[in-house]
Amino acid sequence: MYFSTNLCFLKGLYSIGIYIASFVLKALGLFNSKLKQGIVGRKNTFSILKKAINPQDKTLWFHCASLGEYEQGLPVFEALKAKHPNHKVVLSFFSPSGYEVRKNAKIADVVVYLPLDTNTNAKRFLDLVHPDYILLVKYEIWPNFLHEIKKRGLNAILISAVFRKDQAFFKWYGSYMTSALFGFNHIFTQDENSKLLLKNIHYNSVSVSGDTRFDRVSNQLKVDNTVSFIETFKANQLCMVFGSTWPDDDKLYLDFINNSKNSNVKFVIAPHNIKPSYISSLKSQLKVKTTCFSELNQNENLADYNVFILDTIGYLSKVYSYADIAYVGGGAGSTGLHNILEPAVFGIPILIGQNYNKFPEAKMLIDLGGVTTLASSTAFNSTLNALITDNVLRKKQGEITKSFIDSNTGAVLKIMDYLES
C-alpha cells in the first residue's frame, strides 16, 4: 500500500491545512493587492490551460515559486526547450511577483498561476497539461502534486535544490513531506550537504550540480548590455550601482551620496519598490542633482546629474555592466539579500548589509574577499572611500568576484546530461 496509516493521517492534516490557508488568503486578499492578484489568477488557471493545451499536444512543465527561481531555472528551461522545440511549454508561478513580471515570457507558450496544492487541483492540472517532463526549481515541493506525479509515473526533477536539517523533511513529524520527495525521478542539489541530508532519508537519486544561477549570470556576458541613457549619464566617470535597495539600505548610503566631496562619482539607484510615492520620498532625501528614468524626456543632458534613479524594471542586469562598484540591497533589513551574482559576473567589488546568513554565495565571497558586509553608514563611508581611491584594491576585489562566477558554472550541463541519458 502506497500510504501507511500514519502517512494517510498526515496527508489529511496537510490537506486540511491547505483548505484553511485558502480561506485565510482570500480574507487577507481583501486588504492586500498582491495576494488578491494571486487569488484571482488561480481562479483562471484551468480555463487558460484548457484553451491553450490540446490533448494531443506534447508539453514541458516548468514551475517556479517566483521571479528569482525563474531566473535560476531559465538556463535549464532554455536548454530543454531547445532539445524539444515542438513541445509546448507551460510555465507556472506561485507568487504574483513572478507571474506579473514574466506572464509574457518568451520561453513559454502559456503562463499560469499554480493552483493550491489539493488532490483535486493536482489531478485536474496534470490532466490538462499531461507533461512529458516536469522541472521544479529549488524549494517548490508540493506534496499532493508530487504524489500524483508519482502515481502517474511522470518524469519530474528538482533543480538547484537546497536543504537544511531543520526542515520538515528530516523531522519525525515530516514523513508526508518526506514521502513527497520520492515523486522526483532525480534531485539536483546546489551543495554536498543537501545531498547528504537526502541520503540520510534514503533518497538516493541525487546529484550535486551546483547552482544554475551561475550559468544564468554567466550568459549575461554573451548579450548586448548597452543601456544608452546610463552610458550618457556615466560620462566615463567612476560609477556605483545600488541594486534592489530597500529603505534600510537607503540609511546606509544616503549620507555618502549627499557628501559634496563625492561629486565626481556617479550613482545609479535601482530600488526594489518603484512606486511613485517611494521614488518621490527617496529623491527628496538626496541633496545632489538627481534624475529618474521616468523623467528621461525632460532632461537635456544626463551627464550633468550625480544620481540616476532607475524607477523601472528590466534594466538592472545590464546596468551592472556600467558599475565600478556595486551595492546589493536587502541585507540591511529583514527582506532578504538580493542576487549578488548579477554584479559579480562583471568583475566588480560588492557591498552588502549585515544580514546575509541564509545566502551561502555571500558567505563564500565574504571569506574570499570579494564582498564586504556593512552594518552602519560609518562603515559604508570608510569602505567606499577606500574602494574609490584605491584602484588596486578595487581591481583585486573585482577579480575575486569574477573568478568565483567562472569557477562555479556548469550546472546546466550536468542536468542536461542526465535528461539526455
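Which residues of helix 9 are buried? They are Thr212, Arg213, Phe214, Asp215, Val217 and Ser218. Buried here means under 20% relative accessible area, exposed means over 50%, and partly exposed lies in between, with a 1.4 Å probe and protein chains only. Helices (H or I, at least four residues) and strands (E, at least two) are DSSP runs, numbered from the N terminus.

This is a predicted model, in which local features need pLDDT of at least 70, side-chain atom pairs count only at pLDDT 80 or more, and totals for chains, interfaces and linings use all residues. Residues are numbered from 1 along each chain as its sequence is written, and side-chain values use heavy atoms, with hydrogens and water left out.

Start with the overall layout. The chain is divided into domain 1 (1-210) and domain 2 (225-407). These bounds come from an automatic or database domain assignment. The centres of domain 1 and domain 2, taken over C-alpha atoms, are separated by 34 Å.

Now return to helix 9, residues 212-219. Because 6 of its 8 residues are buried, helix 9 is largely enclosed by the rest of the structure. What do the buried residues of helix 9 pack against? Their partners are helix 3, strand 5 (156-161), helix 14 (341-344), helix 15 (360-368), helix 17 (391-406) and helix 18. Contact means heavy atoms within 4.5 Å.

Two of these partners also meet each other. Two packed helices are described by the angle between their axes and the distance between the axes. Helix 3 (residues 67-83) and helix 18 (residues 411-420) pack at about 35°, with axes 10 Å apart. The axes are lines fitted to C-alpha atoms over the stretch in contact, and angles run from 0 to 180 degrees between N-to-C directions. Helix 3 contributes Pro75, Val76, Ala79, Leu80 and Lys83 to the contact. Helix 18 contributes Val412, Ile415, Met416, Leu419 and Glu420. The residues of this contact divide into 8 nonpolar, no polar and 2 charged. Ala, Val, Leu, Ile, Met, Phe, Trp, Tyr, Cys and Pro count as nonpolar, Asp, Glu, Lys and Arg as charged, and the others, Gly among them, as polar.

Follow the chain on from helix 3. Asn86 sits in the loop between helix 3 and strand 2. Asn86 counts as exposed because its relative accessible area is 73%. Strand 2 (residues 88-93) pairs with strand 3 in the parallel sense over 4 bridges. Two strands pair if DSSP finds at least two bridges between them. Val90 stands opposite Val110 in strand 3. In a regular strand the side chains alternate between the two faces of the sheet. Strand 3 (residues 110-113) is covered on both faces. Val110 and Val112 are buried on one side, Val111 and Tyr113 on the other.

Strand 8 (residues 239-245) pairs with strand 9 (residues 266-271) over 6 bridges. Val241 has Val268 of strand 9 as its bridge partner.

Finish at Val328, in strand 12 (residues 325-328). Is Val328 buried or exposed? Val328 counts as buried, because its relative accessibility is 1%. Not counting residues up to four places away in sequence, Val328 touches several residues, including Gly243, Tyr320, Leu337 and Ile352.
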